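Trainee: I would like to learn how to read a structure like this one. Could you take me through some features?

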Amino acid sequence: MAARTLFDKVWSAHEVVPETTDTPAVLYIDLHLIHEVTTPQAFSVLRSLSLPVRRPGRTLATMDHSTPTSSDQVFGRIPIKVDAAARQVRQLEKNAADFGLELFDMRDSRRGIVHVISPELGATQPGMTIVCGDSHTSTHGAFGALAFGIGSTEVGHVFATQCLLQRKPKTFAINVEGDLRPGVGAKDLILHIIGKIGVSGGTGYVLEYRGSTIRGLTMDERMTVCNMSIEAGARGGMIAPDETTFAYLKGRPRAPAGGDWDAAVARWRALAGDPEAIFDASVDIDASAIEPMITYGTNPGMVIPVTGSIPGGAGSTDPVHEKALAYMGFTDGDALLGKPIDVVFIGSCTNGRLEDLQAAARVLKGRKVAPGVKLLIVPGSQQIKREAEALGLAQIFKDAGADWRESGCSMCLGMNGDTVGPGQYAVSTSNRNFEGRQGVGARTLLVSPLTAAASAVKGRITDPRELV
Amino acid sequence: MEPLQRVRSRTVVITSSNIDTDQIIPARFLTTTTKEGLGRQAFADWRYLADGSPNPDFVLNRPAAAGCRILVAGRNFGCGSSREHAPWALLDYGFRAVISTEIADIFKSNALKNGLLPITVDAATADWLLTHEGTEVDIDLATARLTLSTGASVGFPIEAFARHCLLNGVDELGYLRSKLPDIERYEATRPW
């Protein structure tokens with residue numbers, strides 16, 4: 001057999017019917033993650049056709065996008081502030097009950113952002129196919145799963161058949177070598193990669209992150225990297241499972257146990273791509289040259305080192321550069337360091353995990369948030385919230401003057417009312433700096449948790465290496 | 001779904017590249033539980049001023065845009081989230097096709113499932129369309145060609161099965177369910 005990549009192995013193991021010129025492949029889906037925003041219309045289709053969810057046991061349901069993050073609203077002392085969001089939450093409760101699905105509902109101690117809780121539960125495993133009506137499903141590729149976002153029609157297809165019709169994507173090797181410098185993390189790495197290949201550089205591909213730098217990352221860091229694959233246009237991004245992966249999964253509630261564990265690990269070890277496997281495209285990244293990164297425009301590819309200045313758009317016929325800078329209130333050649341900010345958000349499926357909170361706490365310990373700046377810290381899950389409280393991180397945040405919340409997507413996209421005001425500058429650990437993403441007129445600067453925390457302390461865009 | 005064979009219309013042009021799904025339909029409108037009525041909110045943050053009145057500078061608010069069913073846009077249209085609300089909003093507004101040099105993967109897949117044609121063309125054709133707003137374009141799905149008012153005609157790529165489903169009004173779920181015996185056989189072979 002020809003040498004195969006990690007992607008090729010996972011794809012071919014799930015081909016129920018191979019693709020032909022006329023028809024796409026029928027691809028089996030091992031795990032279907034669902035949330036309240038992209039499922040109501042899919043459940044309506046099932047009802048109209050009188051169909052059940054075919055494999056309820058392969059479905060994991062939670063609520064994260066529309067849910068409030070204030071404890072009073074989550075635990076019911078006061079109603080959910082956004083009426084439409086409350087209706088959506090109730091709709092998922094009803095749909096889960098009607099179709100016999102296990103739901104981690106608003107008051108469940110295991111609830112959280114869907115891309116945070118599935119790995120945390122050990123439901124995300126190497127070699128699986130995982131889909132969700134959410135583009136950041138690429139996160140689960142960190143475990144060597146083929147994981148990608150789908151639309152609501154496809155959510156209905158998975159409900160009804162546990163399969164999807166898919167054309168086989170191409171493969172793209174992202175080879176990363178060298179040591180990341182102190183103060184530079186996984187978020188800086190992926191922002192650098194997106195800046196290098198562009199926001200549509202990955203369109204049509206599944207990425208595979210490889211090389212010594214990637215092998216040296218923790219699972220939390222690998223998830224940050226894979227999470228933002230979609231921001232380069234790639235539906236999926238994968239990392240070969242290794243001892244780091246197995247150590248993370250061992251003992252988690254839904255991971256295999258006993259003899260099943262050994263058998264699973266043996267299967268997972270065979271997933272790594274063959275050394276001679278050929279990719280359709282590749283790029284080499286020198287990790288040792290990367291600095292703390294920050295976006296300056298309105299897509300994640302408009303990114304520079306935090307110490308850098310905004311490149312000129314001269315010679316470009318694309319109106320995007322000028323339009324983006326006008327929206328952001330910046331001009332060509334501006335340095336970002338030292339610019340005043342209004343809001344800092346630490347959280348999201350990109351950077352809402354325990355290690356992200358630990359990084360923020362390193363900076364915030366014994367310091368105060370600058371006057372006039374609002375710092376919102378939202379853990380990725382209720383479990384992470386408990387861990388952060390047990391480790392004393394939450395106390396560090398509160399002592400610094402931060403607002404410490406219940407878990408959810410929150411200010412990453414502002415569906416639940418956690419928004420940034422018009423014209424305000426938000427330094428954010430989330431994944432998208434699109435116009436209006438965090439609120440109408442909001443100006444988002446994407447950074448790592450270290451840079452976010454340092455900027456909160458100074459009240460200005462700050463190089464985190466000044467404070468760590 | 002109604003069969004779709006041809007879209008013939010004048011064009012509306014938004015020259016920006018990388019138009020993301022948060023622009024097509026901002027997240028605050030995703031709290032809906034149906035597909036209907038999103039057209040009013042398509043491009044909401046570009047289309048309306050802070051007081052809710054139409055922004056006279058935005059192309060969809062110009063009289064010439066009324067009734068146009070084809071949107072021409074800069075490269076990498078539809079990047080960002082997987083929200084199917086994006087094609088639902090464009091369809092509800094009245095669009096039946098989007099033309100660009102590049103269209104993001106998930107948006108393209110969602111568009112095809114709802115009868116919104118995602119058409120990618122070469123850079124020269126795109127440049128001509130971007131600079132000739134309001135021109136009449138004739139898109140023939142059966143031959144996978146579009147014809148410009150100049151008489152020039154170019155082919156466009158479209159996934160064969162999606163085209164078959166659109167031309168014949170066939171629902172993809174029906175086809176997928178016809179494969180259930182294969183799916184059951186597959187499940188029986190898996191280690192779990």
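Predicted model: local features only at pLDDT ≥ 70, side-chain atom pairs only at ≥ 80, totals over all residues.

Trainee: Into which domains is chain A divided?

Mentor: Domain bounds come from an automatic or database domain assignment. Chain A has domain 1 (6–166), domain 2 (170–242 + 264–289) and domain 3 (295–466). Taken over C-alpha atoms, the centres of domain 1 and domain 2 of chain A are separated by 24 Å. Their contact takes 20 residues from domain 1 of chain A and 22 residues from domain 2 of chain A. Two residues are in contact if their C-beta atoms, placed from the backbone, lie within 7 Å.

Trainee: Which elements give two or more residues to the side of domain 1 that touches domain 2 in chain A?

Mentor: Elements are DSSP runs, numbered from the N terminus: helices are H or I with at least four residues, strands are E with at least two. Here they are α1 (6–13), α5 (114–121) and β7 (146–149) of chain A. That side of domain 1 of chain A divides into 10 nonpolar, nine polar and one charged residue. For the classes, Ala, Val, Leu, Ile, Met, Phe, Trp, Tyr, Cys and Pro count as nonpolar, Asp, Glu, Lys and Arg as charged, and the others, Gly among them, as polar.

Trainee: How many residues of chain B are in contact with chain A?

Mentor: The size of an interface is often given as the accessible area lost when the parts come together. Here we use residue counts. 42 residues of chain B are in contact with 55 residues of chain A. On the chain B side, α1 (21–24), α4 (105–112), α6 (160–168), α7 (172–177) and α8 (180–189) each supply at least two residues. By class, that side of chain B has 13 nonpolar, 14 polar and 15 charged residues.

Trainee: At what angle do α7 and α9 of chain A pack?

Mentor: Two packed helices are described by the angle between their axes and the distance between the axes. Axes are lines fitted to C-alpha atoms, for helices over the stretch in contact, and angles run from 0 to 180 degrees between N-to-C directions. Helix α7 (residues 186–197) and helix α9 (residues 219–227) of chain A pack at about 25 degrees, with axes 9 Å apart. So α7(A) is roughly parallel to α9(A). Angles under 35 degrees count as roughly parallel, over 145 as roughly antiparallel, 65 to 115 as roughly perpendicular and the rest as oblique. The crossing of α7(A) and α9(A) is right-handed. A crossing is left-handed if the near helix is turned anticlockwise from the far one by less than a right angle, and right-handed if clockwise. From α7(A), A:Ala186, A:Lys187, A:Leu189 and A:Ile190 meet A:Glu221, A:Thr224 and A:Val225 of α9(A). The residues of this contact are four nonpolar, one polar and two charged.

Trainee: How many residues of α9(A) are buried?

Mentor: A residue is buried if 20 or more other C-beta atoms lie within 10 Å of its own, exposed if 12 or fewer, and partly exposed in between, with C-beta atoms placed from the backbone. Eight of the nine residues of α9(A) are buried. Among them are A:Met223 and A:Cys226. The buried residues pack against elements of chain A including α5, α7 and β10 (205–210).

Trainee: Where is A:Ser50, and is A:Ser50 buried or exposed?

Mentor: Most residues other than glycine have a negative phi, and most peptide bonds are trans. Phi of A:Ser50 is positive, near 55 degrees. A:Ser50 lies in the loop between α2 and β4 (59–62) of chain A. With 6 C-beta neighbours inside 10 Å, A:Ser50 counts as exposed.

Trainee: What is the phi of B:Asn76?

Mentor: B:Asn76 is not a glycine, yet has a positive phi of about 60 degrees. The loop between β2 (70–73) and α3 (85–93) of chain B holds B:Asn76. B:Asn76 counts as buried, because 27 C-beta neighbours lie inside 10 Å.

Note on methods. Residues numbered from 1 in each chain as written. Chains lettered and ligands numbered in written order.
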